[in-house]
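Let's go through this one by asking and answering, starting with a whole chain and working down to single contacts.

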Amino acid sequence: MPSRRRALLKVIILGDSGVGKTSLMNQYVNKKFSNQYKATIGADFLTKEVHFEDRLFTLQIWDTAGQERFQSLGVAFYRGADCCVLVYDVNVMKSFDNLNNWREEFLIQASPTDPENFPFVVIGNKTDVDGGNSRVVSEKKARAWCASKGNIPYFETSAKEGTNVEEAFQIIAKNALKNGEEEEIYLPDTIDVGSSSQQRSTGCEC
Amino acid sequence: MKGSFSVPGDYIYFKSQVPLHKIPIGSKQWRYYDFGPKHVPPLICLPGIAGTADVYYKQIMSLSNKGYRVISVDIPRVWNHHEWIQAFEKFLDAIDVHHIHLYGTSLGGFLAQLFAQHRPRRVRSLVLSNTFLETSNFSAAMPWAPIVGWTPAFLLKRYVLTGIRDGPHEPFIADSLDFVVAQVETLSKDDLASRLSLTVDSASVGPLRLSDSLITIMDTNDFCAIPQQLKDQVTERYPGARQANLKNGGDFPFLSRPDEVNLHLQLHLRRVGVEAQPDLVQGFRQDGAGGSSSDQNDEREDERRDYTGTRNENEPPLALESPCVGNFENQILSNVDLSSDQ
């Protein structure tokens, strides 16, 4: 019996520079937080194995450089995304205002087959800063925006303290999985390459 | 007749710009491309059984344009893995390259691991794609291996293409198959027989001295000719390796998903500390890549090998532009009919 390939789920994290995209990813995958800010150059990714309903999946989480906004990162980066995470900083109004642009950018670049129902998750990060006193975006406002965009799941996190990060990524994984499985229907199934049947090559007319 | 296939326009452009080198080294004939700034430690691409140096033309075009040096080779006519290691070492000596990064797909990945095992000082990092650790599966599937040298070429060709999935494919994968089939057509009977021998020659990859953190595994997740359990063995052998799997792309993602593969190769090279020299990008001229230029050396003691973390500490800039970068890729992939294959 050939062993089953493990499903791969691709998650893209978008948001303004400095909102904590890399920190969220590191907190979720490595359970680590660094106070030192280092700008992500271009893009990078981390992988994590997740169990869900007795199955094992590989989450491939892509982190982007926020400053490359509106500059195309290229389709390679977006291709095959199963879930898009939009991150803003609850202490910076502009990062919230830009969520719409990030969402549009994603839909243009990734051009998912069903843009209306493509799974997004919104994260308001840095709730720990100054004990919440410097907060400028209210939860109500954020939830209203999420509701207006087709009920996007919303989480408030602190990547620094690890608050709510695991919970957010569980929903991210779950929604990515749902999307991935819908996509899967259109893909041909695996074949048993161990069989010794001689196949004719395509395209060759010797 | 052969060769009435349609050739991608970007391949024709590649052929017009990047010189093909053919040199005898020892008793072996080497056929390879070598492009990009000479003093950057090269990424050397090792193709699978149905590949040639040409199958990586999209990597050569894109990465050399970003300031990396890329070499891709035909697997020379060697008949067992000892001969492979010796021949490849002589090749590296001849082109005056010391430290290398290997990107091996299928059989090429197996040969890359063997070389890393037996010549640990030369191999700085590995990118392994749809590959395996040992040959027993293949020898079991090929009981006629002892007479491979007497088998007619058409049968060898057919066998080499066995396992490549037939049937309807999405256009990019279909094109990648056409390209590879056309490449297999250019191979001689002895080329094919030697590759098949390498695939069944009893050998397995032993422990590598290379740290897992310097290995990236880039399997395609949809289908490929290498059985899943063999690919899984590779993943289990290097638990600390970076998993850069692609959702799909079939057997030849370097042709069918070049932008994703190139992105992963770039990320890998950045992670292992290879610094691109974008300001030294060669004009794509005929004199661009002297195969064995003598002034290059990789003697610099780049002690990046102690790198352990999963994040890069000193990232050289990796500009992630649109995949349509540079003069090559802006070209529309128009198909051009060629009446002859060379």
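Q: What percentage of the 342 residues of chain B count as buried?
A: This is a predicted model, so the figure is computed from predicted coordinates. A residue counts as buried when its relative accessible area is under 20%. Over the 342 residues of chain B, the share that passes is 62%.

Q: Among contacts in chain B between residues at least 6 apart in sequence, what percentage join residues at least 24 apart?
A: Take contacts as heavy atoms within 4.5 Å. Looking at pairs in chain B at least 6 apart in sequence, those that join residues at least 24 apart make up 81%.

Q: How are H1(B) and H2(B) oriented to each other, roughly parallel or roughly perpendicular?
A: H1(B) covers residues 9–17 and H2(B) covers residues 57–65, and their axes sit 10 Å apart at an angle of about 65 degrees. Angles of 65 to 115 degrees count as roughly perpendicular. H1(B) passes H2(B) in a left-handed crossing. So the label for the pair is roughly perpendicular.

Q: Which residues of H2(B) meet H1(B), and how many charged residues does the contact have?
A: From H1(B) come B:Asp10, B:Tyr11 and B:Phe14, and they meet B:Tyr57, B:Lys58, B:Ile60 and B:Met61 of H2(B). Sorted by class, the contact of H1(B) with H2(B) holds five nonpolar residues, no polar ones, and a charged count of two.

Q: Why is H2(B) described as largely enclosed by the rest of the structure?
A: Go through the helix and the buried residues include B:Gln59, B:Ser62, B:Leu63, B:Ser64 and B:Asn65. B:Lys58 is buried too. H2(B) is largely enclosed because the buried count is nine of the nine residues.

Q: Which residue just after H2(B) takes a positive phi?
A: Step past the end of H2(B) and look at the backbone there. The phi is about 100 degrees, and the residue that takes it is B:Gly67.

Q: At what angle do the axes of H3(B) and H4(B) cross?
A: H3(B) spans residues 81–94 and H4(B) spans residues 107–118, with axes that come within 10 Å. The pair is therefore roughly perpendicular. The crossing angle is roughly 75 degrees.

Q: Which residues of H4(B) make the contact with H3(B)?
A: On the H3(B) side the contact is made by B:His81, B:Trp84, B:Ile85, B:Phe88, B:Glu89 and B:Leu92. By class, the contact of H3(B) with H4(B) has seven nonpolar, two polar and one charged residues. The H4(B) side is B:Leu111, B:Leu114, B:Phe115 and B:His118.

Q: What pattern does chain A follow along the sequence?
A: Chain A has six helices and six strands, and buried residues make up 48% of its 206 residues. Read along the sequence, the order is β-α-β-β-α-β-α-α-β-α-β-α.

Q: Is A:Phe106 buried or exposed?
A: A:Phe106 lies in H4 of chain A, residues 99–110. Leaving aside neighbours within four places in sequence, A:Phe106 is in contact with residues including A:Ile12, A:Leu14, A:Tyr78, A:Phe118 and A:Phe120. Its relative accessible area is 0%, so A:Phe106 is buried.

Note on methods. Residues numbered from 1 in each chain as written. Chains lettered and ligands numbered in written order. Predicted model: local features only at pLDDT ≥ 70, side-chain atom pairs only at ≥ 80, totals over all residues. Heavy atoms only, no water. Axes fitted to C-alpha atoms, helices over the stretch in contact; angles between N-to-C directions. Helix = DSSP H or I, 4+ residues; strand = E, 2+ residues; numbered from the N terminus. Parallel < 35°, antiparallel > 145°, perpendicular 65-115°, else oblique. Left-handed = near helix turned anticlockwise from the far one by under 90°. Nonpolar A, V, L, I, M, F, W, Y, C, P; charged D, E, K, R; others polar. Buried < 20%, exposed > 50% of the residue type's maximum accessible area, 1.4 Å probe, protein only.
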